[in-house]
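Subject: Structure handover

Hello,

Here is the structure for you to look over.

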Amino acid sequence: MCKYCRHENNDFMILNETSDYSGIEMALNRQGMFRVRYYTEGDIWFSEDIINIKYCPVCGRKFNN
């Protein structure tokens, strides 16, 4: 069971652990919404964009969106 696309709720699951270094956070929810946020100093995000994708980038399962 993929922890990124098959979790119980529709919260975004963080894909990368490098946002402290790069300022970029990538996340995915179970509907296939892929979100990227750019953080400035601290925990406040400056900009974000969300796109719909057809397949989970981790396990390859097709989203039903």
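Below is what was found, starting with the whole chain and then going residue by residue.

**Overall**

Please note that this is a predicted model. The chain has 65 residues, and 29% of them count as buried. One helix and four strands make up its elements. Read from the N terminus, the order is β-α-β-β-β. The C-alpha trace spans about 35 × 20 × 20 Å along its principal axes.

The accessible surface comes to about 4,900 Å². Carbon and sulfur atoms hold 50% of that surface. As for contacts, take those with a separation of 6 or more: residues 24 or more positions apart account for 22% of them.

**The core**

Nonpolar side chains tend to be buried together in soluble globular proteins. Which residues make up the largest nonpolar core here? There are eight: C2, Y4, C5, L28, F34, I53, C56 and F63.

Two of these core residues deserve a look. For both, the contacts given leave out residues up to four places away in sequence.

- C2 touches H7, C56, V58 and C59. One of these, C56, is itself a member of the core.
- Y4 sits in the segment before β1, a strand that covers residues 13-14. Y4 has a relative accessible area of 14%, so it counts as buried. Its contacts are M13, I14, L15, L28, N29, R30 and V58. L28, also in that list, belongs to the core as well.

One distance for orientation: Y4 and D49 are 45 residues apart along the chain, and their C-alpha atoms are separated by 18 Å.

**A buried asparagine**

N29 is on the contact list of Y4. N29 lies in the loop between β2 and β3, the latter being residues 33-39. Is N29 buried or exposed? Its relative accessibility is 1%, so N29 counts as buried.

What does the side chain of N29 do? One of its polar atoms lies 3.0 Å from the backbone nitrogen of M33. Beyond its neighbours within four places in sequence, N29 is in contact with Y4, H7, N10, D11, F12 and F63. Two names there, Y4 and F63, are also core residues.

**Salt bridges**

Side chains of opposite charge can pair when their charged atoms come close. How many salt bridges are there? The count comes to two.

The R35 and E25 side chains form one of them, at 3.1 Å from N to O. R35 counts as buried because its relative accessibility is 9%. E25 is buried too, with a relative accessible area of 10%.

R37 and E48 form a salt bridge as well, at 2.8 Å from N to O. R37 lies in strand β3 and E48 in strand β4 (residues 45-52), so this pair ties together parts that are 11 residues apart in sequence. R37 counts as buried, at 17% relative accessibility. E48 is partly exposed, with a relative accessible area of 32%.

Not counting residues up to four places away in sequence, R35 touches F12, I14, E25, M26, A27, E48, D49 and I50. Note that E48 is on that list, although its salt bridge is with R37.

**A nonpolar patch on the surface**

Which residues form a nonpolar patch on the surface? They are I24, M26, Y38 and F46. Together they have about 390 Å² of accessible area.

M26 is placed in strand β2, which runs over residues 24-28. M26 has a relative accessible area of 31%, so it counts as partly exposed. M26 is also among the residues that R35 touches.

**Where to start**

When you open the model, I would begin with N29 and its 3.0 Å approach to M33. Finish on the surface, with I24, M26, Y38 and F46.

Best wishes

Technical notes
Residues are numbered from 1 along each chain as its sequence is written. This is a predicted model: local features need pLDDT of at least 70, side-chain atom pairs count only at pLDDT 80 or more; totals for chains, interfaces and linings use all residues. Side-chain values use heavy atoms; hydrogens and water are left out. Patches are made of residues with over 30% relative accessible area and no salt bridge: like charges are joined within 9 Å, nonpolar side chains (Val, Leu, Ile, Met, Phe, Trp, Tyr) within 5 Å. Accessible areas come from the Shrake-Rupley method with a 1.4 Å probe; for residues, only the protein chains shown count as cover. A salt bridge is a side-chain nitrogen of Lys or Arg within 4 Å of a carboxyl oxygen of Asp or Glu. Helices (H or I, at least four residues) and strands (E, at least two) are DSSP runs, numbered from the N terminus. Buried means under 20% relative accessible area, exposed over 50%, partly exposed in between (1.4 Å probe, protein chains only). A nonpolar core is a set of buried Ala, Val, Leu, Ile, Met, Phe, Trp, Tyr and Cys residues joined through side-chain atoms within 4.5 Å. Contact means heavy atoms within 4.5 Å. A polar contact is a pair of N or O atoms within 3.5 Å; within protein, one must be able to donate a hydrogen and the other to accept it, and residues adjacent in sequence count only if both atoms are side-chain atoms.
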